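My notes follow as numbered points, and I hope they are handy with the model open beside you.

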Amino acid sequence: MADIDIPDHLIALERAAWAEQQAGALTVETADAVQAAYREHAASAGVSRLALEMAVKRAVRHPEE
């Protein structure tokens, strides 16, 4: 997969969502905000939303890779 430029705000949103998910407290509002940000950035950057989401989740959940 090609490298995808990941803006800091997407990392911050995914970190917040991941923290809520780990605590068993993920809200619909947080999930919706993250997904909206993925859609918006993917459309403006001309990349696959799924590829973007996977890259961000990998960066947040497995930063050592």
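1. Let me begin with the contacts. Of those in the protein chain that link residues at least 6 apart in sequence, 57% join residues at least 24 apart. Please keep in mind that this is a predicted model, and that the values below are computed from it.

2. On the overall make-up, the secondary structure of the protein chain amounts to three helices and zero strands, and the order of elements from the N terminus is α-α-α. The radius of gyration is 12 Å, close to the 11 Å that the globule rule gives for 65 residues, so the protein chain is as compact as a globular protein of that length. Along the principal axes, its C-alpha atoms fill a box of roughly 30 × 25 × 15 Å. Buried residues account for 28% of the 65 residues.

3. Helix 1 comes next. Its 15 residues should span 21 Å at 1.5 Å a residue, and this agrees with the 21 Å between its end C-alpha atoms. The buried residues here are Leu 10, Ile 11, Glu 14 and Ala 17. Viewed down the helix axis, the buried residues fall within an arc of 130°, so they line one face of helix 1. As a reminder, an α-helix has 3.6 residues a turn, so residues three or four places apart point the same way. Asp 8 and Arg 15 are exposed on the other side of helix 1. The buried residues of helix 1 pack against helix 2 and helix 3.

4. Leaving out residues up to four places away in sequence, Glu 14 touches Val 34, Tyr 38, Val 56, Lys 57, Val 60 and Arg 61. I would have a look at this residue on screen.

5. Ala 16 also lies in helix 1. With 38% relative accessibility, Ala 16 counts as partly exposed. Between Ala 16 and Leu 52 there are 17 Å in space, C-alpha to C-alpha, and the two are 36 residues apart in sequence. After helix 1 comes Gly 24, which has a positive phi, near 70°.

6. Not counting residues up to four places away in sequence, Thr 30 touches Ala 17 and Glu 20. Ala 33 is in helix 2 as well, but its 35% relative accessibility makes it partly exposed.

7. Helix 3 covers residues 49-61, which is 13 residues, and reaches 18 Å from its first C-alpha to its last, close to the 18 Å expected at 1.5 Å a residue. What caps its N-terminal end? That is Ser 48, with a side-chain oxygen 3.3 Å from the backbone nitrogen of Leu 50. Within helix 3, the buried residues are Ala 51, Leu 52, Glu 53, Ala 55, Val 56 and Val 60. They pack against helix 1 (8-22) and helix 2 (28-45).

8. Which residues touch the most other members of the largest nonpolar core? Among its 13 residues, these are Ile 4, Leu 10, Tyr 38, Leu 52 and Val 56. Helix 1, helix 2 and helix 3 are the elements that give two or more residues to this core, and helix 3 gives the most, with five residues.

9. Ala 51, Leu 52 and Ala 55 are among the buried residues of helix 3, and Leu 52 is itself one of the core residues that touch the most other members.

10. To draw the points together, the picture is one of three helices, with the buried residues of helix 1 packing against helix 2 and helix 3 and those of helix 3 packing against helix 1 and helix 2.

How values were computed:
Residues numbered from 1 in each chain as written. Predicted model: local features only at pLDDT ≥ 70, side-chain atom pairs only at ≥ 80, totals over all residues. Heavy atoms only, no water. Helix = DSSP H or I, 4+ residues; strand = E, 2+ residues; numbered from the N terminus. Expected span 1.5 Å × (residues − 1). Buried < 20%, exposed > 50% of the residue type's maximum accessible area, 1.4 Å probe, protein only. Contact = heavy atoms within 4.5 Å. Polar contact = N/O pair within 3.5 Å; in protein donor to acceptor, adjacent residues only side chain to side chain. Core = buried A, V, L, I, M, F, W, Y, C linked by side-chain atoms within 4.5 Å. Arc of directions from axis to C-beta. Rg over C-alpha atoms; globule rule 2.2 N^0.38 Å.
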